[in-house]
Amino acid sequence: MLRLGVTAAMVFVTGIAFSRPASGDEAPVFNRHGNSLQAQLSTGTTHLDAHDVTFSDLAKDEAPPLQRSSFVSVCVELPTRTICGNAVLSADQFQVSGNLKTAFLRADVPAQDCSRIAPYACSDSTLHVNLTWRGTEPLSFGRFHNKLFGGACHINEVGRSAGRQAEVLGSITDGTTVFVTGVAENFAGISRSTWQGTGRGIEDCL
């Protein structure tokens, strides 16, 4: 069963929130606030994670939300080959409804098709993603508080999350083989998180 929450979102958020280098006693080195929307699916062979994140850096006197990042990672693992790729998404390619009842993703994702048996080799491919999520369960809510203190690192992150399980309609294909033709609700979901991170540190803190 897919565990809904903000695990994947937090990995991304932490990665973008704490990357400015420290300089002496400058504090805070970062002061970022943001929101993340996420749609996921995971089957025995196919894994997909799509994010839409808006965030602002208050340490730079930026008005929130100022910056936006939207992307998808997808991987199809077959007995003889693996096809994996990533893509940056535009606003009309990935959307999530405010109440997390629906989401859709329409994108052609550049990928590498790599053999898992000798002779090992990779070739360029494209995964065509056309998916719609429909929430099937009530919303679940959570909070998180992450701290990292020690050495050159002083990081404090707090946030709230919400999510629901979903069924998925549509397909993922490389133009020849259809890898996904719908996913049961136990293996897919829609979530959001709101977070703020402050502190100082260096990229090695991560």
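Predicted model: local features only at pLDDT ≥ 70, side-chain atom pairs only at ≥ 80, totals over all residues.
Visitor: How many residues line the largest pocket, and which lie nearest its centre?
Guide: The lining has 10 residues. Those nearest the centre are Gln-40, Leu-41, His-47, Leu-48 and Asp-49.

Visitor: Which strands each supply at least two residues of that lining?
Guide: Strand E1 (30-42), strand E2 (46-57) and strand E3 (67-77) each do. The largest share comes from E2, with four residues.

Visitor: And how do the lining residues divide into nonpolar, polar and charged?
Guide: Four are nonpolar, five are polar and one is charged.

Visitor: Okay, changing topic to strand pairing. How many bridges join E3 to E4?
Guide: Seven bridges join E3 to strand E4, which covers residues 81-88. The two strands run antiparallel, and they form a hairpin with three residues between them.

Visitor: Which residue in E4 is the bridge partner of Phe-71?
Guide: That would be Val-88.

Visitor: What about E4 and E6: parallel or antiparallel?
Guide: Antiparallel again, with five bridges joining E4 to strand E6 (residues 102-115). One example is Thr-82, whose bridge partner in E6 is Cys-114.

Visitor: Nice. Now the electrostatics: how many salt bridges does the structure hold?
Guide: The structure holds three salt bridges. As background, side chains of opposite charge can pair when their charged atoms come close.

Visitor: Which residue does Asp-52 form a salt bridge with?
Guide: Its partner is Arg-68, and the closest N and O atoms are 2.4 Å apart. This pair links distant parts of the chain, with Asp-52 in strand E2 and Arg-68 in strand E3, 16 residues apart.

Visitor: Is Asp-52 buried or exposed? And why does Arg-68 count as partly exposed?
Guide: Asp-52 is buried, with a relative accessible area of 13%. Arg-68 has a relative accessible area of 41%, so it counts as partly exposed, because that class lies between the 20% and 50% cut-offs.

Visitor: Which residue does the side chain of Asp-113 meet in a salt bridge?
Guide: Asp-113 meets Arg-81, at 3.0 Å from N to O. Here too the pair links distant parts of the chain: Asp-113 sits in strand E6 and Arg-81 in strand E4, 32 residues apart.

Visitor: What relative accessibility do those two have?
Guide: Asp-113 is buried at 15%, while Arg-81 counts as partly exposed at 23%.

Visitor: Which salt bridge does Arg-81 form with its closest N and O atoms 3.2 Å apart?
Guide: That is the salt bridge with Asp-174. The pair spans 93 residues, from Arg-81 in strand E4 to Asp-174 in the loop between strand E9 (153-173) and strand E10 (178-180).

Visitor: Asp-174: buried or exposed?
Guide: Asp-174 is buried, with a relative accessible area of 18%.

Visitor: Last one: which residues do salt bridges with shared partners join into one network?
Guide: Arg-81, Asp-113 and Asp-174 make up that network. Arg-81 takes part in the salt bridge with Asp-113 and in the salt bridge with Asp-174.

Technical notes. Residues numbered from 1 in each chain as written. Heavy atoms only, no water. 1 Å grid on protein atoms, 1.4 Å probe; cavity = no way out; pocket = protein on both sides within 12 Å on 5 of 7 lines; lining within 4 Å. Nonpolar A, V, L, I, M, F, W, Y, C, P; charged D, E, K, R; others polar. Pairing = 2+ DSSP bridges. Salt bridge = Lys/Arg side-chain N within 4 Å of Asp/Glu carboxyl O. Buried < 20%, exposed > 50% of the residue type's maximum accessible area, 1.4 Å probe, protein only.
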